[in-house]
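Thanks for coming. I have one model to go through today, so please look at the screen and I will talk you through it.

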Amino acid sequence: MSVQNPLRLLDLAGMSLLRDEASTITALKDLPTELFPPVFMEAFYGRYSETLKAMVQAWPFVRLPLGGLMKVPHLGTLQAVLAGLDILLAQKDHPRRCKLRVLDLRNTSQDFWRMWSGYRVHGCSSSLMAQVAEDRSRTKQPRAPLEVFIELHLKERTLDGFLTYLIRWVEQRKASIHLCCKKLRILSFPIENIMKVLSMVQLDCIQEVQVNCTWHLSTLAVFAPLLGQMGNVQRLLLSNIHILNLGLGKSVVSLLEVNFHLSFQDLIALFLPRCLTTPLDNLAITHCLLSDSDLSHLSQCPNISQLKGLDLSGITLTYSSPELLPVLLEKVAATLQELYLEQCGIMDSHLETILQPLSRCSQLMFLSLRGNLISMAVMEKLLRHTSGLPSLSQELYPVPQESYSSQRILQPGRLAQCRAELFEILRVLGRPRIIWISSSPCLHCGDNTFSHPQPIHLETDI
């Protein structure tokens, strides 16, 4: 301890209490509300399991943001807290002091602990009064199942000890515990474990779904119905949904129709059911094979009408009917803010079909077309059509095809000439603007950046 940073009286009181754990537990009934968070933190870091168990039963706030204290999940702490909840749930009459309704195991809410530990002192009194008032009002409501919030990132071959213990605990108390998850991420996780975990989760709580897996058809068929039950999803990201050991040249839709009578169109319908209570904000379907019927069905889904982010990167659009992508963009033009069409096989003819709907995306802020083959002539048309978009501030384009030799080797001299032409186009358009052109998949992996000294800029990453 330094003279400049002396311990506060609250800190000293908490440390003094924990010197005798039995006395601390006895004193909880009379402990001031403002002492609960700092004493809980001392008990947490000191691994005072009995104190933690007792404090859960007397917690004077609606939410216990336990995850905000754990940089990594700690099983011993979880066991102590859940043991306290077991005692609380077993009591016929809820303790007068305890107002706990939510156990939050997500790595969030650090501000709560900073405020009570003195790191953020401004506004503490008003925050405390508002929190206490809210807690008291909630306790007048009928007693409901306790909610446990987690973030699920399923990426290992087996469940870790922390999640295994929690799932088993919830399974035995399903009537009184609601396991809630707002963000679900699945990466190479056995389907049997996925089904086990999700059977314990309130699926209508999920707001964001990310799936990046290479699955057999049977796996897709088993998993798809669960997605149809996630009625409040706002952000949906599907990546690398391919079929194992079935060769190339067939789309996911044709394979599914032949083998399981379940098309990718059906999967989209399950992901975007009409029963969604809130429209999607973001949709990413990347590095998959989509047929014309898939794209057509996607554009007809009512729940994408307010889409803010759309990512179709890695979807080969070369063989799609030219009117499908424009129809999709027209559907979302009023709200779309981010559009990713990277490595889609887009060439001049495809890009020209979307110039008009693209020019009507009045909210568009970010546009990326990297990894496609576009000529200078069509790039000029693109720049002209997008020059009237007031919010567009980040534009990522491929190096014009004239910059390459017939063997697809980048020619620095040709690239310099294309830069000069693009500068002139921007100058004529007369709007201060920065665009990036890149022959690499990542904006920041190159080391050659070029800028114009005037307000009109062209920066390149090659």
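Among contacts in the protein chain between residues at least 6 apart in sequence, 79% join residues at least 24 apart; contact here means heavy atoms within 4.5 Å. The model is predicted, so to speak of local features we need pLDDT of at least 70, and side-chain atom pairs count only at pLDDT 80 or more, while totals for chains, interfaces and linings use all residues. Residues are numbered from 1 along each chain as its sequence is written, and side-chain values use heavy atoms, with hydrogens and water left out.

The protein chain has 17 helices and 13 strands. These are DSSP runs numbered from the N terminus, helices being H or I of at least four residues and strands E of at least two. Of the 462 residues, 47% count as buried, that is, under 20% relative accessible area with a 1.4 Å probe and protein chains only; exposed is over 50%, and partly exposed is in between.

Next, the largest pocket. Its space comes to about 640 Å³. A pocket, on a 1 Å grid over the protein atoms alone, is an open set of points where a 1.4 Å probe fits, with protein on both sides within 12 Å along at least five of seven lines, and lining residues have an atom within 4 Å of a point. The volume is the space filled by probe spheres set on the points, which are joined across faces, edges and corners. There are 25 lining residues, and Pro73, Glu151, Leu152, His153 and Asp160 lie nearest the centre. β3 gives the largest share of the lining, five residues; β3, α8, β4 and β5 each supply at least two. By type, the lining has eleven nonpolar, five polar and nine charged residues. Nonpolar covers Ala, Val, Leu, Ile, Met, Phe, Trp, Tyr, Cys and Pro, charged covers Asp, Glu, Lys and Arg, and the others, Gly among them, are polar.

Now a helix pair. The axes of α14 (residues 324-332) and α15 (residues 348-359) come within 9 Å and cross at roughly 10 degrees. Axes are lines fitted to C-alpha atoms over the stretch in contact, with angles from 0 to 180 degrees between N-to-C directions. The two helices are therefore roughly parallel to each other, the term for angles under 35 degrees. Leu325, Pro326, Leu329 and Glu330 in α14 meet Thr353, Ile354 and Pro357 in α15.

Last, Tyr404, in the loop between β11 and α17. Tyr404 counts as buried because its relative accessibility is 12%. Arg414 is ten residues from Tyr404 in sequence and 7.3 Å away, C-alpha to C-alpha.

How values were computed:
Parallel < 35°, antiparallel > 145°, perpendicular 65-115°, else oblique.
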